[in-house]
Each structure stands twice: as structure tokens, then as C-alpha cells.
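Hi,

Here is the structure I promised to pass on. Have a look first, and my notes on the disulfides follow below.

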Amino acid sequence: MSAAPGRPKTQPEPCLGLGGQSQWLGLLLVLLSLLDISRTEVQTLQQAPTLALSRKESFLILSLHNRLRSQVQPPAANMQRMDWSESLARIAQARAALCGISATPNLASFPRHTPQVGWNVQLLPVGSASFVEVVNLWFAEGLQYRHGDAECAHNATCTHYTQLVWATSSQLGCGKHLCSVDQAAMETFVCAYSPGGNWDVNGKTIAPYKKGSWCSLCTASVSGCFKAWDHAGGLCEVPRNPCRVSCRNHGYLNISTCLCHCPPGYTGRYCQVRCSVQCVHGRFREEECSCICDVGYGGAQCATKVHFPFHACDLRIDGDCFMVSSEADTYYGAKMKCQGKGGVLAQIESQKVQDILAFYLGRLETTNEVTDSDFETRNFWIGLTYKASKDSFRWTTGEHQSFTSFAFGQPDNQGFGNCVEMQASAAFNWNDQRCKTRNRYICQFAQKHISLWEPGP
């Protein structure tokens, strides 16, 4: 026979005193009958001064909840970390003002999306316990709870405990209020939990959490694992930054794609580059916040007239001129140096060009012409970078990469190694590398560039 669908178990009535289990509403009615206290007088008593929680109290109560939740035995595999909710705190304060009566406050004034709320309520003589001690009292009920059987000991109360350690309750708000009962000064402590707990199936409350290794059953939406300062236990939490990326200059991080969406005027993977470039003789590339210069012009803003001839070609392939540097620089440093000469970082678009360059670079290894002895300078930058916004590699000129010569297993770190090098250890096939790495580089001058400084016959 199938079980009936789960439903929220009726919330427990608040306790009178530290160990009492009497039902407050019934007792209040008896007291009113004996003392002949009018309804008006009761309402006046319930309008005692509100004891709003200070920020310190709120922090201590939240921290204690999370600490206790990470100490349950047996260990919890799906226990969520709680966050403080001001809207729940207002609801809890409203219920505290009811001075222990089991009725719930009118939620009409609260946001419509407020989910099902669970409650823990305690009524005690003023000064007999602090809020922190009350929370510890609720947790102590766990000594009477058998997790394997999902049952509380006979004639014991465990519902405060089960709500406190209900695994899927992730929001908390609490409040307290001074009351006068039978001319005795009392204090009501209330905590509201969302989503609520203490659900039952066929009249029996289900277990508040799943037993297992800490954080072993966290869901995709709460895949982080929060550890207390002493590394005890573990609580499932929303990962603060699963991408491990920090967007600068007020950029917005899309956690789903791990990409930064930059505000106007900024670009780069981390929005770290300010786009204030004006291309005098060229066109602006927003993705890289840089200029592609017209033939005969160079420099960062394409404002410098390039005078040809200024060098000899190391290689000529199909009319294009390739110059191999003897110095090392970062990718963007190399890019600017090629542009300053009127060229671009090499754009390899055929197997023929790849084979000839690889052969030539292999011969250079034996000559040791490089002026920097760092190992990285055996590798050479070409003009290919990964563009996160387009999820593809693009040449410096903006053209899509059609030919590829990546080494086996490459590219293997898109998004972190955004720039492409010809790698000596891979027979000068390509590897994606961090752009700040210092490599030698290859500049390319197309036929249209050469025609300006090499007159025809």
C-alpha cells in the first residue's frame, strides 16, 4: 500500500518553563476564567514593549544554528547552511507578540512568494534564559531523538530539534517579545524557518536529514561545502564563486557561463581593460579594445606612419613576409610590437604555412639566437586568441579560425589560457597559454604591406 503524500505536521505548542510541555492556550483560558481577566485586559498585556533583536544577537543566533546543524549525529549528507532573512525575522517578531498563543500571524502584509514557514516557539520567565540558551535547549531535545527510526522517545518532545536540523530549511529569522501572564513577566522566543520542516507521512514525521558523509548529497544548486572555523562537519551552500573569477570595474559575473559582462568602456576577461582607444588610421576591435591598423600605419592608435623598408624577411611564404623575433614578450606586448612595425602577429591559415614555420623554428632551436634564456622563449606567439564572448578562437584581424594545428589534447584550458603559442615540445604545433607568459613571437606582413616598400620591377 503506497504512502500518503507528505504534509506538514502540526507545529508543537510552546513550552512553559525549561522542561514543561503544557499547552499554553488551554492554560491561558483557565487562568482567564479563574481570574476574570477581560479580553481588553489580555490585549493590553500582549502590547508589552517589543524586544527587537540587535544585529549582534541575530548574528549569534544564526551562527549557532549553523554550528549546531554541522554537529548532528549521525552526520548529515544534505544539511544546508542557513542565511538570515529579515522578512522571516519580521514574521517571527509578529508571532512573538502573540505571547505564546499557537495562532500564526497574518502573513498578508509579507511578500507573496514567502514559502511554507516552520516555527520554534518558547515561553519562559523573563531573565531565565538568553536566546542562545533557548536555541541550545531546542538542540538538546536531539538526545531523545532516534534518527534511524525517525522517532522521539516516549513522552518526550523533539519537534523543536527536528525543525532546527531540518536539512532543507535554508532561511532563518527570529524575534522575541515581553509578555505578562497572570501578572508574571514572561518572554517569548520565536524562530521562523523557510522552507519549513516537520513533515509527516501517514501521521509519522519523516527524518529531518539524510545520513552520510558531510556534503556528500548536496544538490547542484547548493554544491559548495561550508566548513566551520574548526573544520567540524560541513553544510551545503550556494557556491560563492564557483568560477573563481572576479570581475573588475563593476562587471557582472554570469555564474552559469563563468563570463564577465563588462560595463560600457571596459573589456577583457575580467573587465580589466579600459576602452578609450581612438583608432586614427584603422578600425577598432571592441573584443580586444585595440586597433587594427590600415596598411602603412602602426602603433596603439594607428597614428604612426610606418616607413618601409625597415627590416629583412626571415621567411617568405606565398608572397607574405614573416619575421621571427629574437626577444621575448607577453602576447599583447608582442602584438603591439608587430603592429608598430606595420604588421600583425602571424596568421597561419594553411598546413603549408604551418609546416614551413615549424621547420624553420626547429632549425632556430639549434642556433640559440634568442636573447632571453628562459625556457618559455623556445615557444612563439601567433595571432590567435580565445574569445569568450564568441566561444571560439579568432585571429587578431577578427577572422574566424578555419585551419587548426593544435597539439594532441589541446586546447585544454579555454578561458584561462586565452592566447595561442607554437610550442617547441610539441613540434611547434599549437597550445593555448596564459597571455602573460613571455614568448618569442612571429610578425607577418601581407603582400599589400610589402607592396608599399618593395617596388615592383
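Is cysteine 236 buried or exposed? Cysteine 236 has 2% relative accessibility, so it counts as buried (buried means under 20% relative accessible area, exposed over 50%, partly exposed in between, with a 1.4 Å probe and protein chains only).

Before you go further, please note that this is a predicted model, where local features need pLDDT of at least 70, side-chain atom pairs count only at pLDDT 80 or more, and totals for chains, interfaces and linings use all residues. Residues are numbered from 1 along each chain as its sequence is written, and side-chain values use heavy atoms, with hydrogens and water left out.

Taking a disulfide as a pair of cysteine sulfur atoms within 2.5 Å, the count is 10 disulfides. Here are some of them.

Cysteine 236 is joined to cysteine 218, S to S 2.0 Å. Cysteine 218 lies in the loop between strand 11 (204-205) and strand 12 (224-226) and cysteine 236 in strand 13 (residues 235-237), so the pair ties together parts that are 18 residues apart in sequence (strands are DSSP runs of E, at least two residues, numbered from the N terminus). This disulfide is left-handed because the torsion about its S-S bond is about -85°.

Cysteine 247 and cysteine 260 also form a disulfide, with their sulfur atoms 2.0 Å apart, and both cysteines are buried. Its torsion is about -90°, so this link is left-handed.

Cysteine 152 and cysteine 158 are joined at S to S 1.8 Å, and their link is right-handed, with 65° about the S-S bond. Cysteine 152 counts as partly exposed because its relative accessibility is 25%, whereas cysteine 158, at 5%, counts as buried.

Best wishes

Key:
Helices (H or I, at least four residues) and strands (E, at least two) are DSSP runs, numbered from the N terminus.
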